[in-house]
Amino acid sequence: MSWKAYEIPKMKCENCKKESQWLEIVGSDFICHRCIGKHRVIGLILRTHMDTFNFLVRKLKIKNYEELIQVRQEEIEKVADLKKHGIFLKKEE
Ligand SMILES: [Zn+2]
């Protein structure tokens, strides 16, 4: 048996394949904060309001990272009153 058999599997981001301590469950994927941060709005929500982030993933029935990155601001605003959560966004250009 090689020493590798004793290695504890580390968690990797499904998108960038890098190991990270900070992974979020996005449907069937584990995604690191850096990749989630590529979505301007959702990245901001994750940084400041993690519970709202989890709520949105559930509410929008996001199945994986690909879907997450394509969510539009108006879809987010439809299911969550962001202002009530204390989240203020600039209008989409
Ligand atoms: Zn990543």
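**View 1. Overall order of the elements.** From the N terminus on, the elements of the protein run β-β-α-α-α-α-α. That makes five helices and two strands, taken as DSSP runs numbered from the N terminus (helices H or I, at least four residues; strands E, at least two). The model is predicted: local features need pLDDT of at least 70, side-chain atom pairs count only at pLDDT 80 or more, and totals for chains, interfaces and linings use all residues. Residues are numbered from 1 along each chain as its sequence is written. Of the 93 residues, 20% count as buried (20 or more other C-beta atoms within 10 Å of a residue's own; exposed, 12 or fewer; partly exposed in between; C-beta atoms placed from the backbone).

**View 2. The largest nonpolar core.** This core has 16 residues; such a core is a set of buried Ala, Val, Leu, Ile, Met, Phe, Trp, Tyr and Cys residues joined through C-beta atoms within 7 Å. Val26, Ile31, Cys35, Ile42 and Phe53 touch the most other members. At least two core residues come from each of β2 (29-32), α1 (33-36), α2 (40-48), α3 (50-59) and α4 (65-70).

**View 3. Surroundings of Val26.** Beyond four places in sequence, Val26 is in contact with Ile31, Val57, Ile62, Asn64, Tyr65 and Leu68 (contact: C-beta atoms, placed from the backbone, within 7 Å).

View 4. Thr52, Phe53, Leu56 and Val57 are buried in α3. They lie on the same side of α3 because they cover an arc of only 140 degrees around the axis, taken from the directions from the helix axis to the C-beta atoms. The buried residues of α3 pack against β1 (23-26), α2 and α5 (73-79). Exposed Asp51 and Arg58 sit on the face turned away from the buried side. Lys61 follows α3, with a positive phi near 50 degrees.

Note on methods
Contact = placed C-beta atoms within 7 Å.
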